[in-house]
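Please walk me through this model in the viewer. Tell me what to select at each stop and what is found there.

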Amino acid sequence: MPAPQCGLVILPPASIAALLRQAQNTAEPAYAPGYPPHLTLKNLFMPRASIQTVERAVAEVCAAARPFTVSAGRLTVFPSPQGNFIVLRVPQARQLMRLHRQLIEALDPLTMLADPTKDLHEEDGFVPHITLLQRVPDG
């Protein structure tokens, strides 16, 4: 049985999620929502430890984090081999960056490398964004 893949996201409040879903529904057919709008905190990874251990580590980091507010910026496209993603950029909030780094520090010892571009998407390469849509490559 293959190891599960995990990712960490923040789901927006219901009222904002409803507005983002409306935007998803107006996109051209080549783009598909695929999943609810979300702010990515950590890209896909494969836990070396049990899911319960990973959940505990995430819960500890999040329990110590102070609440913060994020703002949505401009709409942009992130190119990817898995298909282009349409996202809303999130101006880098200090608290969001701190939470991202703390989660990386807590989870790195518990995970195997699942994403060969990990260094591009974490720490200094982390680009806060709200994922809206993905265009799957043809073929």
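For the helix pair visited below, an axis is a line fitted to C-alpha atoms over the stretch in contact, and the angle between two axes runs from 0 to 180 degrees between N-to-C directions. The model is a predicted one.

**Helices α2 and α3**

Select residues 51-64, helix α2, together with residues 94-107, helix α3; the two pack at an angle of about 150°, and their axes lie 10 Å apart. The crossing of α2 past α3 is right-handed. Now show side chains: α2 contributes V54, A57, V58, V61 and C62 to the contact, while α3 contributes L99, Q102, L103, A106 and L107. By type, the residues of this contact are nine nonpolar and one polar, with no charged residue.

**Strand β3 and T40**

Next, select residues 38-47, which form strand β3, and pick out T40 within that strand. Is T40 buried or exposed? T40 has a relative accessible area of 9%, so it counts as buried, the cut-off being under 20%.

**The whole chain**

Finally, zoom out and colour by secondary structure. The protein chain has four helices and seven strands, and along the sequence they follow the pattern β-α-β-β-α-β-β-α-β-α-β. Of its 139 residues, 34% count as buried. Taking contacts between residues at least 6 apart in sequence, 77% join residues at least 24 apart.

Methods:
Residues are numbered from 1 along each chain as its sequence is written. This is a predicted model: local features need pLDDT of at least 70, side-chain atom pairs count only at pLDDT 80 or more; totals for chains, interfaces and linings use all residues. Side-chain values use heavy atoms; hydrogens and water are left out. Buried means under 20% relative accessible area, exposed over 50%, partly exposed in between (1.4 Å probe, protein chains only). A crossing is left-handed if the near helix is turned anticlockwise from the far one by less than a right angle, and right-handed if clockwise. Contact means heavy atoms within 4.5 Å. Ala, Val, Leu, Ile, Met, Phe, Trp, Tyr, Cys and Pro count as nonpolar, Asp, Glu, Lys and Arg as charged, and the others, Gly among them, as polar.
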